Amino acid sequence: MRGAIAMLESGRDCSEIVTQLAAVSRALDRAGFKVIAGGLWQCLGSEDAEERSAKVAQMEKLFLSLA
């Protein structure tokens, strides 16, 4: 992100800045998905099926919020 800001401040071409912003966005999306996927397994734990199902639904909502 700092790179995109520096590009903007230095007057770089807009298409280059947009390309950099798209790359930042994709990287943030990937990081978010990895965090949530890792959290899913930790959240499931050894609870009963009903609690596990509720937690899976909660994690699905989090995934969709990243889309």
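Met 1 is placed in the segment before helix H1, which spans residues 2-9. This residue is exposed, having a relative accessible area of 54%. Together with Ile 5 and Leu 21, Met 1 makes a nonpolar surface patch of about 270 Å².

## Model confidence

The structure is a predicted model. Its chain has a mean pLDDT of 82, and 91% of the residues reach 70 or more. Among the elements of the chain, the highest mean pLDDT, 90, belongs to H1, whereas the lowest, 78, belongs to helix H3 (residues 49-66).

## Secondary structure and overall dimensions

The chain contains three helices and zero strands. Its pattern, read along the sequence, is α-α-α.

For the chain, the radius of gyration is 18 Å, while a compact globule of 67 residues would have a value near 11 Å. Along the principal axes, the C-alpha atoms fill a box of roughly 55 × 15 × 10 Å.

## Burial and accessible surface

Of the 67 residues in the chain, 15% are buried. The chain exposes about 5,300 Å², and carbon and sulfur atoms supply 61% of this area.

Met 1, by contrast, is classed as exposed because its value of 54% falls over the 50% cut-off.

## The salt bridge

Side chains of opposite charge can pair when their charged atoms come close. The structure holds one salt bridge. In this contact the side chains of Arg 12 and Glu 16 meet, with an N to O distance of 2.8 Å. The pair qualifies as a salt bridge because this distance is within 4 Å.

Both partners have intermediate accessibility: Arg 12 is partly exposed, with a relative accessible area of 43%, and Glu 16 is likewise partly exposed, with 35%.

Terms used:
Residues numbered from 1 in each chain as written. Predicted model: local features only at pLDDT ≥ 70, side-chain atom pairs only at ≥ 80, totals over all residues. Heavy atoms only, no water. Patch = residues over 30% accessible without salt bridge, like charges linked within 9 Å, V, L, I, M, F, W, Y side chains within 5 Å. Areas by Shrake-Rupley, 256 points an atom, 1.4 Å probe, with all protein chains shown as cover. Helix = DSSP H or I, 4+ residues; strand = E, 2+ residues; numbered from the N terminus. Buried < 20%, exposed > 50% of the residue type's maximum accessible area, 1.4 Å probe, protein only. pLDDT = per-residue confidence, 0-100. Rg over C-alpha atoms; globule rule 2.2 N^0.38 Å.
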